[in-house]
Amino acid sequence: VQLVESGGGLVQAGGSLRLSCTATGIRFSINPMGWYRQGPGKDRELVAGISSGGGPYYARSVEDRFIISRDNAKNTVYLQMNSLSPEDTAMYYCSAIPPFDSWGHGTQVTVSS
């Protein structure tokens, strides 16, 4: 499996970013997919997930601010992040749920106050 995340960057508090992740080497459409993040000194956590049928899941810390979606034709999962706060600063990764054994490089999101 190969996972390539993109779309991160530096944004001011209150801003928005849209992350993308393209997966190859798997039957993407049948896998529940998720976005995970690992902040400085923190464990990696699942923040949003989407079932093969499109049903979303959100961690309480991001619900009402983040929107996950997928395009099975493009083997791509997206994360629209709105109303970002410094607490959202982290490296963001995508994977299946539960996660694959290997991870992509991730994409860094930095939110300044």
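Here is a short walk through the salt bridges of this structure.

The model is predicted, so local features need pLDDT of at least 70 and side-chain atom pairs count only at pLDDT 80 or more, while totals for chains, interfaces and linings use all residues. Residues are numbered from 1 along each chain as its sequence is written, and side-chain values use heavy atoms, with hydrogens and water left out.

Let's begin with the term itself: a salt bridge is a side-chain nitrogen of Lys or Arg within 4 Å of a carboxyl oxygen of Asp or Glu. By this rule, the count is three salt bridges.

Start at R37, whose side chain meets that of E45 in a salt bridge, 2.9 Å from N to O. R37 is buried, with 6% relative accessibility, and E45 is partly exposed, with 34%. Here buried means under 20% relative accessible area, exposed means over 50%, and partly exposed is in between (1.4 Å probe, protein chains only).

R37 also forms a salt bridge with D88, again given as 2.9 Å from N to O. This pair links distant parts of the chain, 51 residues apart: R37 sits in strand β4 (residues 33–38), and D88 in the loop between β8 (76–81) and β9 (90–96). Strands are DSSP runs (E, at least two residues), numbered from the N terminus. Both D88 and R37 are buried.

Now follow D88 to R65, where the closest N and O atoms of the salt bridge are 2.8 Å apart. R65 lies in the loop between β6 (56–58) and β7 (66–71) and D88 in the loop between β8 and β9, so this pair ties together parts 23 residues apart in sequence. R65 is buried, as is D88. Through shared partners, the salt bridges join R37, E45, R65 and D88 into one network.

Definitions and conventions: Helix = DSSP H or I, 4+ residues; strand = E, 2+ residues; numbered from the N terminus.
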